Amino acid sequence: MDTSLEKIADPTLAEMGKNLKEAMKMLEDSQRRTEEENGKKLISGDIPGPLQGSGQDMVSILQLVQNLMHGDEDEEPQSPRIQNIGEQGHMALLGHSLGAYISTLDKEKLRKLTTRILSDTTLWLCRIFRYENGCAYFHEEEREGLAKICRLAIHSRYEDFVVDGFNVLYNKKPVIYLSAAARPGLGQYLCNQDVAFLEKMIKDDIERGRLPLLLVANAGTAAVGHTDKIGRLKELCEQYGIWLHVEGVNLATLALGYVSSSVLAATKCDSMTMTPGPWLGLPAVPAVTLYKHDDPALTLVAGLTSNKPADKLRALPLWLSLQYLGLDGIVERIKHACQLSQRLQENLKKVNYIKILVEDELSSPVLVFRFFQELPDSDPVFKAVPLPTVTPSAVGRERHSCDALNRWVRMAAACLSFQVPAHHRPTCW
């Protein structure tokens, strides 16, 4: 690594890579030393006082950062660990430092470089995930992409929105339909697997003078795991002029050789939001919303495109990371997560009191299961487990215990079930 850095002609760039590597090594070494001290608490001297006039060296500052990561003496000891992110993680983190350095270039060089980074990353993602001729919006907050897509849909359907603003929405209120599997808090209207029921909702809204605007479908969540009937939903959206947006972890499987037909249908949607950071075990990389639209003026006013170099540089950490992993590395990570999910499912089927809730998803990195214990009035679809005669209060306590265990299992599964082994670096779906 050091030898390679010495070959870089730009001394600032070489120094940046060297400093990042040394800083991460310092933090990791300090982590190990702290663990060897058996939970020794920080002393008050670790708490910074007034800003020193003479300044501090990098080692001292990094030591302070490491101490702050462990909390202070008034907190309960939590033994936090610095994630061993590996070389590909260093590459993603380098992107943030490199972005600041690139921003100091003259305007013409900066424009050419940022345009290249944005176009390369967009092209690679569209090809990897089978989304032909798409554009990309890179964003830090996962839901920000959907918010921008919402604005684009409004500008597209309401011609006078630019002039009259939200006043045009009063006469014909827009309606957004969400999958029942969507994250809570995204909206008021829900769309479930019964497409006929959804179509009835759309017709009712039209009769009431509303405008069906946007439908958010799901391709797998850690909480629910299933994929909506995206192909049928696309037909429905085309029939009524509704924008179709898809999100969910099963979109990662679009990079594999075999893709289930339900997920493959997402490649025909108007937009999709993906999170390559959690999928590939990359820290500090942006989420990406891929979309298709022919009017650059509307995408600009909706905030999906920008002429600012800083906005284009959001793609830089992902641009570096994708090149480091290569196509084979990307596909292997997603394939490995799916294989872990299938292996976990096979083992859980052998465990009493565990019910697999979603088994119809092939090659999915999501596995949904629950703990259960048969009670006197419980669902007959579950396997009967003989229990002694219990009182109603005891039944209530049993249910409470089962619910509590399910919540714990759900949280543990979300963070542990789909981790990639150490040589691939941990990945949490």
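Colleague: Which side chains does the 2.9 Å polar contact at Thr-273 join?
Modeller: In this predicted model, the side chains of Thr-273 and Thr-289 are joined by a polar contact of 2.9 Å.

Colleague: Where does Thr-273 lie?
Modeller: Thr-273 is part of strand β6, which covers residues 271-274.

Colleague: Is Thr-273 buried or exposed?
Modeller: Buried: the relative accessibility of Thr-273 is 4%, and the cut-off for buried is under 20%.

Colleague: What else does Thr-273 touch?
Modeller: Leaving out residues up to four places away in sequence, Thr-273 touches His-139, Glu-142, Leu-146, His-245, Val-246, Glu-247, Gly-248, Leu-251, Val-288 and Thr-289.

Colleague: Leu-146 is on that list. Which residues of α6 are buried?
Modeller: Leu-146 is one of them.

Colleague: How many residues does α6 have, and what span does it reach?
Modeller: Helix α6 runs over residues 144-157, which is 14 residues. From first C-alpha to last it reaches 20 Å, close to the 20 Å expected at 1.5 Å a residue.

Colleague: What lines the second largest pocket?
Modeller: The lining has 16 residues, and Leu-118, Ala-136, Leu-304, Thr-305 and Ser-306 lie nearest the centre of the pocket. By class, six of the lining residues are nonpolar, six polar and four charged.

Colleague: Which elements each supply at least two residues of that lining?
Modeller: α5 (107-128), β1 (135-139) and α14 (309-312).

Colleague: And which gives the largest share?
Modeller: Strand β1, with four residues of the lining.

Colleague: On to backbone angles. What is phi of Asn-133?
Modeller: Phi of Asn-133 is near 55°, a positive value in a residue that is not glycine. Asn-133 sits in the loop between α5 and β1.

Colleague: Is Asn-133 buried or exposed?
Modeller: Asn-133 counts as exposed because its relative accessibility is 73%, and the cut-off for exposed is over 50%.

Colleague: And what about phi of Ala-284?
Modeller: Ala-284 is not a glycine either, and its phi is positive, about 60°.

Colleague: Where does Ala-284 lie?
Modeller: In the loop between α12 (276-280) and β7 (287-291).

Colleague: What does Ala-284 count as by accessibility?
Modeller: Partly exposed, because the relative accessibility of Ala-284 is 40%.

Key
Residues numbered from 1 in each chain as written. Predicted model: local features only at pLDDT ≥ 70, side-chain atom pairs only at ≥ 80, totals over all residues. Heavy atoms only, no water. Buried < 20%, exposed > 50% of the residue type's maximum accessible area, 1.4 Å probe, protein only. Polar contact = N/O pair within 3.5 Å; in protein donor to acceptor, adjacent residues only side chain to side chain. Contact = heavy atoms within 4.5 Å. Expected span 1.5 Å × (residues − 1). 1 Å grid on protein atoms, 1.4 Å probe; cavity = no way out; pocket = protein on both sides within 12 Å on 5 of 7 lines; lining within 4 Å. Nonpolar A, V, L, I, M, F, W, Y, C, P; charged D, E, K, R; others polar.
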